[in-house]
Amino acid sequence: MTIFRIIAAAFALSMGMAFVSGAAAAPLQCKHSASEYLQVIKLFESEAARARMLAQRNPLYESDVGYYASALADARTCHRTVGPVATASR
């Protein structure tokens, strides 16, 4: 179980770094599956909540809040792009 958490954290961190490193220079490239983006979104949502809580006590964590907000926005955009298309039924 611990090894899975380490692998998941490393994967999420690498995806997050990919989002941040190329966000300003190039358009967003969504190279992963919808389920992978969903996992990253869940992880970043919990980390963003933790960073907001820490930032209330220490302003040095404000940059972490901004990072997670940016990474979440990119992950959500990619999830909508590669995710299943919902159609209205008549």
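Cys78 is buried in this predicted model, with a relative accessible area of 0%, where buried means under 20% relative accessible area, exposed over 50% and partly exposed in between, with a 1.4 Å probe and protein chains only. Its partner is Cys30, to which a disulfide joins Cys78 with an S to S distance of 2.1 Å, a disulfide being a pair of cysteine sulfur atoms within 2.5 Å. Cys30 lies in the loop between helix H1 (2–23) and helix H2 (34–57) and Cys78 in helix H3 (residues 62–82), so the pair ties together parts that are 48 residues apart in sequence. In contrast to the buried Cys78, Cys30 is partly exposed, with a relative accessible area of 26%. The torsion about the S-S bond of Cys30 and Cys78 is about -80°, so the disulfide is left-handed. A search of the whole structure finds one disulfide.

Residues are numbered from 1 along each chain as its sequence is written. Because the model is predicted, local features need pLDDT of at least 70 and side-chain atom pairs count only at pLDDT 80 or more, while totals for chains, interfaces and linings use all residues, and side-chain values use heavy atoms, with hydrogens and water left out.

The secondary structure of the chain comprises three helices and zero strands, and from the N terminus on the elements run α-α-α; helices (H or I, at least four residues) and strands (E, at least two) are DSSP runs, numbered from the N terminus. The mean pLDDT of the chain, pLDDT being the predictor's confidence in each residue from 0 to 100, is 79, and 64% of the residues reach 70 or more. Confidence is lowest in H1, at a mean of 58, and highest in H2, at 93. Where pLDDT is low, the predicted coordinates should not be read in detail.

Of the 90 residues in the chain, 23% are buried. The chain exposes about 6,600 Å², of which carbon and sulfur atoms supply 61%, as given by the Shrake-Rupley method with a 1.4 Å probe, in which only the protein chains shown count as cover for residues. Among contacts (heavy atoms within 4.5 Å) between residues at least 6 apart in sequence, 69% join residues at least 24 apart.

For helix H2, the 24 residues should span 34 Å at 1.5 Å a residue, and the end C-alpha atoms are 35 Å apart, which agrees; the expected span is 1.5 Å times one less than the number of residues. The buried residues of H2 are Ala34, Tyr37, Val40, Ile41, Phe44, Ala48, Ala51, Leu54 and Ala55. Not counting residues up to four places away in sequence, Tyr61 touches Ala51, Leu54 and Ala55. Tyr61 is placed in the loop between H2 and H3 and, at 31% relative accessibility, counts as partly exposed. Tyr61 and Ala51 are ten residues apart in sequence and 6.3 Å apart in space, C-alpha to C-alpha.

Rings of Phe, Tyr and Trp (its six-membered ring) pair if their centres lie within 6.5 Å, with planes under 30 degrees apart counting as stacked, over 60 as edge-to-face and the rest as tilted. By this rule the count comes to three aromatic pairs. The rings of Tyr67 and Tyr68 have centres 5.1 Å apart and planes at 65°, so the pair is edge-to-face. Tyr67 is partly exposed, with a relative accessible area of 22%, whereas Tyr68 counts as buried at 16% relative accessibility. Together with Phe44, Tyr67 and Tyr68 form one aromatic cluster.
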